[in-house]
Amino acid sequence: MLLYNITFADDKICGEDGLYCHGGERRDGCVFLKSGEKATFDTYFNSFSHIKYKKYTKVKNVVLKLEIEGRGTAFMYLYKLNATPQMIASTQADGPCELQIDLSTVEDDGFLYFAFDAAADSVIRGGGWFADVEINPVKIGVVICTYRREEYLRRNIANLSEYMRSLSDSFFDVFVIDNGRTVEDDFGEGIFVIPNDNTGGSGGFTRGIKEVLKGDYTHFLLMDDDIVFDVNTLQRIYALLCVLSDDYKDASVGGAMLILDRPYLQEEIGAMWDGIAIKSVNKRLDARKPQTVYLNETLGEPDYNAWFLMCMPVSAPKKYGYPLPFFVRCDDVEYGLRAGGNIITMSGISVWHEGFDVKYSAEMEYYFKRNKLIASARYPKGKGAFAIFKKLMLSVGQQLMLQRYFAVDLIFKAYDDFFKGADYFLNLDMEKNHKEIRACGPKMLTAEQIKDKYGIEVDLERINSHKKWRFKNFITLNGYLIPKCFYKKGVGQVNMVTAKGQDLYKYKRVLHYNPKFDCGFVTEIKKSKLIGSWCKLLKYLFKMLFGYSRVAKQYRQIEV
């Protein structure tokens, strides 16, 4: 059984050599070594997670097969943090070679990796990690939810189609849930396009899960339409599912997220839920470093995994029901907490996705707050009404500092809709509600439109500079207590995505601009909003104290 292939950097997917190999020269999809050179594979995509294979699978022994042209020595090492690598095995190679490891003899720390020391000019063409083990029958239904993003979709479907055709017996089919009803392509055998109402990501993925359950599939794999991925990731997931032990036959597999424009940077490998907030696991780590691989392989199971890549058994919806109709955001949190079970993550099972810090969407203020409230009600983890009210105060305060009064209104609407109860939430016309939410946000303008309407020239240097929070910001409520006659002349300019309240200090008007997408909007300080918002907060304090427990109970009783 091939567990996974040895892979090298590919400029079409990821050209970051440090994620695959250290040493040698990459040429024509291979690694070339001169006599005396050494290549090590203590890397994100080519190391071996012996701890997790021992825990979750039936694998007892693994065989590393290397396709070598040349002569040298192949080594197997155990990497442990802050320790000299421990050699586990070695063999002389004059052409293809193998190294076999009994996993029971390797301590449960770190990870395994191999190296090749060339005694003559040599080429490493590839190879793989193998195991002789009885396999479980596995067939995966890949679900991709899309809304009018054909460019991204076609790229990924082409990748999957090519891989499907290369297999003598395909182990997966693809279900494209078309929420925009604009995909007119016939992608061929094994790829099904399902027109769907615009029910958001949660509704689209739910439709896909239901389609998978109609067939003879063992698992469904949820995947975003705008990711970049290596098909070897799909093969790794399949092989892992094939060798799961009986104790973990219903385990899920979660993919890590690497950042698209910084492909070496790991955004998260699963995430945790503390009752009111989300915390990414191993956030913003350099995946080229073996220390990151170590931390990934020695961590425990996450609470949930985001749906840019998440594979679950079909037994989950049969037992726990379907995702809640969140439209977007936090559906993966709630469903992961409810039905995720044991979630297996490991380096190399991952995708590249646009970073969370490059976009700003006003409507997300509503969805994040409302859906987190529902998740908190269902999975409080000891957090109660006061902790949630504190979160509300901080959120409102932050948006007031940013002069984003539309966001304050959307946050209050999220809380209002939450307090309307579970029946209102479950019977909401999601598409109509989404249009109303979107209408509450500012109209995005290009740099040229901003200049025409406001006479403001975009200054990227100012936009990307940030100020420190100082005592004067605190004592004046970030300028709200200062008369406007003492405000700065001109218009402030901030990065729409990364702006902090102090960046807007003593500006009457501020341009919020996103350089990546050439769009922005202008705000103007309204001091009356400060008083009005804090008065509303008092109302919500009483709602929390006297109504939260009753409403939270309604959400806990939802059965889907």
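Q: In what order do the three strands of the open sheet with mixed pairing stand?
A: This is a predicted model, in which local features need pLDDT of at least 70 and side-chain atom pairs count only at pLDDT 80 or more, while totals for chains, interfaces and linings use all residues. Residues are numbered from 1 along each chain as its sequence is written, and side-chain values use heavy atoms, with hydrogens and water left out. Strands (E, at least two residues) and helices (H or I, at least four) are DSSP runs numbered from the N terminus, and two strands pair if DSSP finds at least two bridges between them. The three strands form an open sheet with mixed pairing, in the order S24-S25-S26.

Q: Which strands stand at the edges of this sheet, and why is one side of each left without a neighbour?
A: An edge strand here has a single partner strand, so one of its sides has no neighbour in the sheet. The two strands placed like this are S24 (492-495) and S26 (519-524).

Q: What is the average twist from one strand to the next in this sheet?
A: The axes are lines fitted to C-alpha atoms (for helices over the stretch in contact), and angles run from 0 to 180 degrees between N-to-C directions. From one strand to the next, the twist averages 25 degrees.

Q: Which residue of S26 is the bridge partner of His512?
A: Strand S25 covers residues 509-514 and pairs with S26 in the antiparallel sense, over six bridges. The partner of His512 in S26 is Phe521.

Q: Which residue of S8 is the bridge partner of Leu64?
A: Strand S5 (residues 61-69) and S8 run antiparallel and are joined by six bridges. Strand S8 (residues 97-102) has Glu98, Gln100 and Asp102 on its uncovered face, and Cys97, Leu99 and Ile101 on its covered one. Leu64 has as its bridge partner in S8 Leu99.

Q: How many disulfides does the structure hold?
A: A disulfide is a covalent bond between the sulfur atoms of two cysteines; here the sulfur atoms must lie within 2.5 Å. For Cys14 the nearest cysteine sulfur, that of Cys21, is 14 Å away, and for Cys330 the nearest, that of Cys145, is 16 Å away. The number of disulfides in the structure is zero.

Q: Is Cys330 buried or exposed?
A: Buried means under 20% relative accessible area, exposed over 50%, and partly exposed in between, with a 1.4 Å probe and protein chains only. The relative accessibility of Cys330 is 4%, so Cys330 counts as buried.

Q: Where is Asp28 found?
A: Most residues other than glycine have a negative phi. Asp28 has a positive value, near 55 degrees. Its relative accessible area is 77%, so Asp28 is exposed. Asp28 is found in the loop between strand S2 (25-27) and strand S3 (30-33).

Q: Where is Leu477 found?
A: The phi of Leu477 is also positive, near 55 degrees. With a relative accessible area of 37%, Leu477 is partly exposed. Leu477 is found in the loop between H15 and S24.

Q: Which element gives the most to the lining of the second largest pocket?
A: The second largest pocket is lined by 18 residues, with Leu394, Gly397, Gln398, Met401 and Trp469 nearest its centre. Helices H9 (385-401), H15 (471-475) and H16 (527-556) are the elements that give two or more residues to this lining. On a 1 Å grid over the protein atoms alone, a pocket is an open set of points where a 1.4 Å probe fits, with protein on both sides within 12 Å along at least five of seven lines, and lining residues have an atom within 4 Å of a point. The element that gives the most, with seven residues, is H9.
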